[in-house]
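Dear colleague,

I am handing over the structure below, followed by some notes on what was found in it. Please read them alongside the coordinates.

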Amino acid sequence: MKKRNIVIQFLVLLMLITTFAACASTPQKSSTGDYIDDSVITTKIKAQLATDDFLKSFQISVESRKGIVQLSGFVDSQRAIDKADQIARGVQGVQSVRNNLVVK
């Protein structure tokens with residue numbers, strides 16, 4: 001009976017370690033927490049772009065991964081590119097911005 005309890009405790013401990021290791025991030029894969037943080041960053045930037053009177057008419061795509069934000073799409077002036085970049089950099093959690101917006 002005592003031996004059985006030790007084996008069960010060992011298996012439970014092994015399952016917990018495996019669970020935490022599966023949620024850890026690697027250079028190629030984001031952890032669950034990183035994914036949620038990136039989703040929040042993306043949502044905040046999209047919301048601010050949509051409510052900005054100057055930028056709301058443009059189709060600006062926003063993606064983020066591990067705090068690095070990528071903006072892409074077409075705008076009609078350099079001023080729009082600068083404004084979108086400024087908005088993205090102002091969101092908490094953004095480490096850097098790759099601004100791939102193009103003036104059409």
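Is Leu71 buried or exposed? Leu71 counts as buried because its relative accessibility is 0%, where buried means under 20% relative accessible area, exposed over 50%, and partly exposed in between, with a 1.4 Å probe and protein chains only.

Before going further, please note that this is a predicted model, in which local features need pLDDT of at least 70 and side-chain atom pairs count only at pLDDT 80 or more, while totals for chains, interfaces and linings use all residues. Residues are numbered from 1 along each chain as its sequence is written, and side-chain values use heavy atoms, with hydrogens and water left out.

Leu71 lies in strand 2, residues 68-75 (strands are DSSP runs of E with at least two residues, helices runs of H or I with at least four, numbered from the N terminus). Not counting residues up to four places away in sequence, Leu71 touches several residues, among them Ile45, Ile60, Val62, Ala84 and Leu101, a contact being heavy atoms within 4.5 Å. The C-alpha atoms of Leu71 and Ile45 are separated by 9.9 Å, and the two residues are 26 residues apart along the chain.

Thr42 belongs to helix 2, residues 32-51, and it counts as buried because its relative accessibility is 12%. With residues up to four places away in sequence again left out, Thr42 touches Val62, Glu63 and Ser64.

Leu11, by contrast, sits in helix 1, residues 2-23, and is partly exposed, with a relative accessible area of 44%.

Best regards
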